[in-house]
Amino acid sequence: MTHSVEATKFLRNEERVDWHDENLWQARQKRDVASKEVPEWEELRQLASDIKDNVLSHLGEYLLEFEKNAANNGINVHWAIDGKEHNEIVHSIIKRSGYKNIVKSKSILTEECGLNGFLKHKGYEVVDTDLGERIIQLDNQPPSHIVMPAIHLRKKEIGDIFHKHLGTEKGIEDAQFLTEVARQHLREKFLQVEVAITGVNFGVADTGGFVVVTNEGNADMGCHLSKIHIACMGIEKLIPKAEHLGVFTRLLARSAIGQLISIYTSHYIKPRPGQEMHIVLVDNGRTEQLKRDKFRNSLKCIRCGACMNTCPIYRRSGGYSYNATVPGPIGSILSPGLDLKKYSSLPFASTLCGSCSDVCPVKINIHEQLYEWRQEIIKSQTGFNMKNLQMSIAGSILKRPRLYRLAGGFARFVMASMPRFITYNGFNKWGKHRELPEAPNESFNQWYRNRKK
Amino acid sequence: MSSKEKMLKTIEEVDLKKVDSPIIPEFEFEHNLVDAFKKAMKINHAEVIETVGEEETVAQLKVLSADYNRICSAFPIKDLDCTYAREVSDPRELKDINLGVIRGMFGVAENGAIWVPEENCHQRVLPFIVEHLIIVLKADSLVSNMNQAYQSVELVKTGFGVFISGPSKTGDIEQTLVIGAHGPRSLKVILEK
């Protein structure tokens, strides 16, 4: 399904679209306030971007340095070429242990790899512990936003989900109450945990440690009570030195939701005595993206979600319309690299207004890459293309003045005198959601000549 | 060829022009550190209580802990009936603690973050599992921002460390702020001069 088809479904409920739009815009406004409080904000963005340039140009060396230091700290390091291998590694660790109670904090990477489904198939239930993720997990949906996974749901709907799965009374819409129910429900899970799975926000090459940030404290609750901690990390999450965290931690939460810093910025360096710690380094298309000159920069992303909150298309079409693990502008430049055909409509789901690039804390030129992907996609497409046909007809008319005048007269006649379906039909994609201006009675040339008389 | 070799080979073949890591400058901070820290903590929904000297801190701890009956402290507090984290062997034993007390190493004025390495907790889960948390922090330990903060942290010397900047919270239901997600429902910071 293309983005526009999916977006049409979302747009049927106008009241909901307005609510979604305003709700996300709030996050963007909070980001603006928080970013302006830091005088060196722009300098920090440039530094973050430059650090990532350094990382991408030395990725192999940093990965080896990270592996060596992590191993010295007692962490088991695994390498996975794709999502399948990642899932198999995680599964083999769990299977060998014989443990059954698994909790997971938010990780977009494990979503990308489809880990929950894979483990379910093998007979394991993974409990997501981030509140938003737990809500959509209970409802059997994927996240619609990378920072606020259940942002598409209204309080009433969440109340219904809790009523159905957690036995609360029907019709509860109080966020405080619902959060308390989730707290009690998940606390039980934490106290039984044997295996904790987390994502990674930053892997630090010079310490061999990694950083996980949350506001809820769910990652820490799971990890510090677990017997085994498995951290899953995309290879682009690496940074060279601990001092670089000073730059990224100043940018991340302010960009994401306008918070000064996440409540918990946790640095995992060694396992607890008696605990087993693993880290899985995942490629899954990242080295392919590294090869692409025009799109390499997309690997700088720190998953703050600011580009989604600001995007006029995302806000008005919802995360699900993208049909991709990472929705919104950044997802639309990452996904085509994974599967050009499947995600071919995403780079077109943009006004190219550039707002995403303006708010990006690591200065990814997102809107320019969207434009570049459009070129790649059109080039890759074979067979009939309505837009190409229309453009070539328009081109042949526009370069012949006499024909142009004739066509203009014809168009004015059709628009003024013929039934509506002649102009607005399946061939006129442009007119699907837009109205042409009323046709004037005469052309500019005619008007100009008459005026001189 | 192993996946590791394949990944490294692809990376090597890309052969990008090497870019140096940038030098991170010292950023000036024009506010008073204590004032800025208090302001940040207010935004983060944490409460700051100022004391002068250790004696007043202990007195304040006694006042603040009066409402709680299951207290766990990571350091000895004179004449206060509580569990010492050092004596806890299984982290699950902490599940019913309604007040935890720990020391922070230093605080960050710009955002209120407080550095807590595991040595300050004895049990890593302590600052997360307790219902309410108090962090005792020396006022002269404050640094201006995260760039300075990471110069003060020796990550390789610890096994786990966390910056804590407030009580746990969530905005996952329609962006409505709820304090007390999975971790503490409140954070009080005793800022000792």
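Two residues are in contact if their C-beta atoms, placed from the backbone, lie within 7 Å. Keep that cut-off in hand for the whole tour.

This is a predicted model, in which local features need pLDDT of at least 70 and side-chain atom pairs count only at pLDDT 80 or more, while totals for chains, interfaces and linings use all residues. Residues are numbered from 1 along each chain as its sequence is written, and chains are lettered from A and ligands numbered from 1 in the order in which they are written.

**Stop 1: the interface**

Select both chains. The contact draws 67 residues from chain A and 63 residues from chain B. Helices and strands here are DSSP runs (helices H or I, at least four residues; strands E, at least two), numbered from the N terminus. Elements of chain B that each supply at least two residues to the side touching chain A are helix H1 (3-14), helix H2 (33-43), helix H4 (126-129), helix H5 (146-152), strand E8 (160-164) and E9. H1(B) gives the most, with nine residues. Colour this side by class: 29 residues are nonpolar, 22 polar and 12 charged. In this scheme Ala, Val, Leu, Ile, Met, Phe, Trp, Tyr, Cys and Pro count as nonpolar, Asp, Glu, Lys and Arg as charged, and the others, Gly among them, as polar.

**Stop 2: each chain whole**

Select chain A. It holds 22 helices and 10 strands. Its C-alpha atoms fill a box of roughly 95 × 55 × 45 Å along the principal axes. Of its 453 residues, 50% count as buried. A residue is buried if 20 or more other C-beta atoms lie within 10 Å of its own, exposed if 12 or fewer, and partly exposed in between. Among chain A contacts between residues at least 6 apart in sequence, 74% join residues at least 24 apart.

Switch to chain B. Here there are five helices and 11 strands. The C-alpha trace spans about 65 × 45 × 40 Å along its principal axes. Of the 193 residues of chain B, 47% count as buried. Residues 24 or more positions apart make up 73% of the chain B contacts with a separation of 6 or more.

**Stop 3: H10 of chain A**

Select residues 175-192 of chain A. This is helix H10, with 18 residues. From first C-alpha to last H10(A) reaches 26 Å, close to the 26 Å expected at 1.5 Å a residue; the expected span is 1.5 Å times one less than the number of residues. Which residues of H10(A) are buried? They are A:Ala175, A:Leu178, A:Thr179, A:Ala182, A:Arg183, A:Leu186 and A:Phe190. Their cover comes from both chains: it includes strand E2 (102-104), helix H8 (131-138), helix H9 (155-166) and helix H11 (218-225) of chain A, together with strand E9 (169-170) and strand E10 (178-179) of chain B.

H9(A) and H10(A) pack at about 35 degrees, with their axes 11 Å apart. Axes are lines fitted to C-alpha atoms, for helices over the stretch in contact, and angles run from 0 to 180 degrees between N-to-C directions. From H9(A), A:Lys155, A:Ile158, A:Gly159, A:Phe162 and A:Leu166 meet A:Ala175, A:Leu178, A:Val181 and A:His185 of H10(A). By class, that contact has six nonpolar, two polar and one charged residues.

Next, pick A:Lys170, in the loop between H9 and H10 of chain A. Is A:Lys170 buried or exposed? A:Lys170 counts as exposed, because it has 9 C-beta neighbours inside 10 Å. A:Asp160 is 10 residues from A:Lys170 in sequence and 6.5 Å away in space, C-alpha to C-alpha.

**Stop 4: around H12 of chain A**

Select helix H3 (residues 41-57) and helix H12 (residues 245-257) of chain A. Their axes come within 9 Å and cross at roughly 120 degrees. That angle makes H3(A) oblique to H12(A); angles under 35 degrees count as roughly parallel, over 145 as roughly antiparallel, 65 to 115 as roughly perpendicular and the rest as oblique. A:Leu44, A:Arg45, A:Leu47, A:Ala48 and A:Ile51 of H3(A) touch A:Val247, A:Phe248, A:Arg250 and A:Leu251 of H12(A). Those residues divide into seven nonpolar, no polar and two charged.

H2(A) and H12(A) pack at about 145 degrees, with their axes 6 Å apart. A:Ala27, A:Lys30, A:Arg31, A:Ala34 and A:Ser35 of H2(A) meet A:Arg254, A:Ser255 and A:Ile257 of H12(A).

**Stop 5: H16 of chain A**

Finish on residues 328-338 of chain A, helix H16, where 10 of 11 residues are buried. What covers them includes helix H13 (286-291), helix H14 (306-310), helix H15 (312-317), helix H17 (355-359) and helix H18 (366-380) of chain A.
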